[in-house]
Amino acid sequence: MDPQVIDAIVDVDYGQFYAMRSGSSWASDRVPSQGYEDYLWSDGAFVYIGTTRRYGKTNVRIEMEHEAPEGEPSRDWHHVAEVSLDPGGDLEVYSWGDDSPAATVPLDGSAIRLRVCWRGLVSGRFEGLDEEGKSDEELLIQLWPAEPADSRVTRWWDERLLPAPTDRSPDGRRQFEGLERVMEQLSQMTIVGNLSSPYPPMPGGGEHSTTNSVHTDPSEGSWWVDGYDVRRTLREVSEEEARHLLLGASGSDLA
């Protein structure tokens, strides 16, 4: 039997949009580092869906299957990931920042498996967009009845596969990688200043790194910067480097 199909257009921003079983709680502030790296995460009711394009309208096809699809998705789908949803209401798909769903998928209330497939991905594009600000990225969401199982990525797009976290920068500085580890360390530090866009590169290496803020660790008198390299990163810097960043960032907000 052919699946029921719904075609929708969602507005992506910050490289993400969402879905949730109707009546569930919003949980976009609970997405862990691994969820961002997998480009898919769910708490059993709320679903974070990542995109390579940073912003803009994105085509999404939703297929409701009566049973698990046979075989693997075709090879033109670059990245494939799955999560499980607990029993609940219909599935609502939301554009970033919207309170009303862009699409509502009628479900019978049983537990389901949710698979997301991405294609139209192109390596090397800044924010996933070409020089005209366009992207061919599109997504397929497949749903079928299934008992809850572990989340998994069944096919990685090479550009999304990150190296394991490390406690040293490319030039050997101390650092912490991953949202959870960074937030734990920041709770023990004092913020000196927030930087403004365009954010400067992070000292210590990282081709596409950015520095968002400067901190000190009062327990040892060290200086640190918070930002992004391979992933969310807190990295040690010298006091001279820290002050240079603060002075060189026009409009920086000193604490």
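The text below goes from the whole chain to one of its sheets.

This is a predicted model, in which local features need pLDDT of at least 70 and side-chain atom pairs count only at pLDDT 80 or more, while totals for chains, interfaces and linings use all residues. Residues are numbered from 1 along each chain as its sequence is written, and side-chain values use heavy atoms, with hydrogens and water left out.

The protein chain holds three helices and 17 strands, where helices (H or I, at least four residues) and strands (E, at least two) are DSSP runs numbered from the N terminus. Its C-alpha atoms fill a box of roughly 65 × 40 × 30 Å along the principal axes. Of the 255 residues, 46% are buried, meaning under 20% relative accessible area with a 1.4 Å probe, protein chains only. Among contacts (heavy atoms within 4.5 Å) with a separation of 6 or more, 72% join residues 24 or more positions apart.

An open sheet of six strands, with mixed pairing, has the order β1-β5-β10-β9-β6-β11; two strands pair if DSSP finds at least two bridges between them. The strands at its edges are listed here.

| Edge strand | Residues | Partners |
|---|---|---|
| β1 | 4-12 | a single partner strand |
| β11 | 152-155 | a single partner strand |

Because β1 and β11 each have a single partner strand, one side of each is left without a neighbour in the sheet. Within the sheet, β9 (residues 112-119) and β10 (residues 138-145) run antiparallel and are joined by eight bridges, with I112 standing opposite P145 in β10.

How values were computed. Buried < 20%, exposed > 50% of the residue type's maximum accessible area, 1.4 Å probe, protein only.
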